[in-house]
Amino acid sequence: EGKYANGTGYLNGTVNGVNINGLTYAPAGTFISIYTTPDDGYTDARWFLNDAINSNDRRVFDMPAKDTVVRVDFEFPFYMVRFEVENDYGSIKFNGITPESQLLQSRKSYTLTACPKDGYRFVRWETNPANIVNSDGTFIMPYCDFSVKAVYEAIPYAVTAITDGGGSASASAETAAVGTEITLNASPDTGYRFKEWEVVSGDVTVTDNVFVMPASNVTVKAVFEPVSYNVTVSGDDNGSVTSNVASAFAGENIVLEAVPKENCIFVGWYVPSGNVTITNNQFVMPCGDVEVQGVFAPITYTVTADTSQENYGYATGGGKYDKNASVTVTATPNSGCHFVKWTENGSEASTSASYTFSATADRALVAVFEEDAPVTATYTVSVSASPAEGGTVSGGGTYDENTAVTVTATPNSGCHFVKWT
């Protein structure tokens, strides 16, 4: 039986070399050959002998001992499709598998699926010949072999470096593809130091300020912390110093206390290092260690020893003395003069030329001198009578020089004064 199969071709044959078309009779054992004539765009896919698929591709058989029906199925021809992926950024799936090639029947519709790897995205289909596969992966198999390539590209993911203050942060790129090495930079402000990187989002591990870009946006935070600086204080033999803290952050207020020893006073502050200004025993902590020394000194008093008349004598023992120290001032008169007293603010302080006292206050002492009284010559006037029985004399004695002296001779009865010799 020769017939069209779905209107896609025509079947005929020969019986012992004689053409047949339609119904023909042949004895059992007769050699039968079958021929097909497909329509344009079709091919004979398989043929049946009494509705059983015959595996003899030569389409020949020996006539069985029964009536026989020969039927041929025609179909669209099959062509090869080869699958390619650019740069190994993904794959192509067809019917759930990832083949390198596939034999497909022409004029049928098929769908390809683009499967990009993490961090990549599908861009387009490229075919040879061109324009076979649509952007959504669908296509109708043409009457020819062709190749199809899936083109992918890396997705640019955002890289964000942030801080909560204390410095600044940056990254070597604002966007990057998966697998890219990103270098981070943290710059602390004055008074701060970099502590660590905190990954806010993105599955990354930061090592030595570097991480590898994943298939997602990444946000990292630079964490800074204030730097604690040392506060070192010291005194000297005359006093001690304390501070409210031993270390502090920049900007904190530091309070100092100076404690002088007995009979000593606090003089001031000396800053060997730290470049700070101390006001009212306080300063603001800078960005660095600070060393402060308290300067103390014994309490001293000034004693001045002077004279009222420089020509009459001189005074010694004046100077600076520690509190409660023993002080001795000495007044030494010049020749012809003598010490009278020490005075202070016009009042008598002492009548001792060598005056000793304890230093308890500033004192201004003045040594008072006077000239000695002038020395007058004395003479002795002796008087006597001669002869002694002649009378009496008076007025003898010791007299200062230039003093008027009167001597008197009184004669006894019967005698008379003659002269003084």
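The model is predicted, so local features need pLDDT of at least 70 and side-chain atom pairs count only at pLDDT 80 or more, while totals for chains, interfaces and linings use all residues. Residues are numbered from 1 along each chain as its sequence is written, and side-chain values use heavy atoms, with hydrogens and water left out.

Some background: side chains of opposite charge can pair when their charged atoms come close. By salt bridge I mean a side-chain nitrogen of Lys or Arg within 4 Å of a carboxyl oxygen of Asp or Glu. How many salt bridges does the structure hold? There are seven.

Let's begin with Asp164 and Lys221, whose side chains form a salt bridge at 2.9 Å, N to O. These partners are 57 residues apart and link distant parts of the chain: Asp164 sits in the loop between β16 (157-163) and β17 (167-171), and Lys221 in strand β22 (residues 218-226). Strands here are DSSP runs (E, at least two residues), numbered from the N terminus.

Is Lys221 buried or exposed? Lys221 is buried, at 15% relative accessibility, whereas Asp164 is exposed at 65%. The cut-offs are under 20% relative accessible area for buried, over 50% for exposed, and partly exposed in between (1.4 Å probe, protein chains only).

Lys221 also meets Glu198 in a salt bridge, at 4.0 Å, N to O. Glu198 lies in strand β20, 23 residues from Lys221, and is partly exposed at 36%. Together, Asp164, Glu198 and Lys221 make up a network of salt bridges.

How values were computed: Helices (H or I, at least four residues) and strands (E, at least two) are DSSP runs, numbered from the N terminus.
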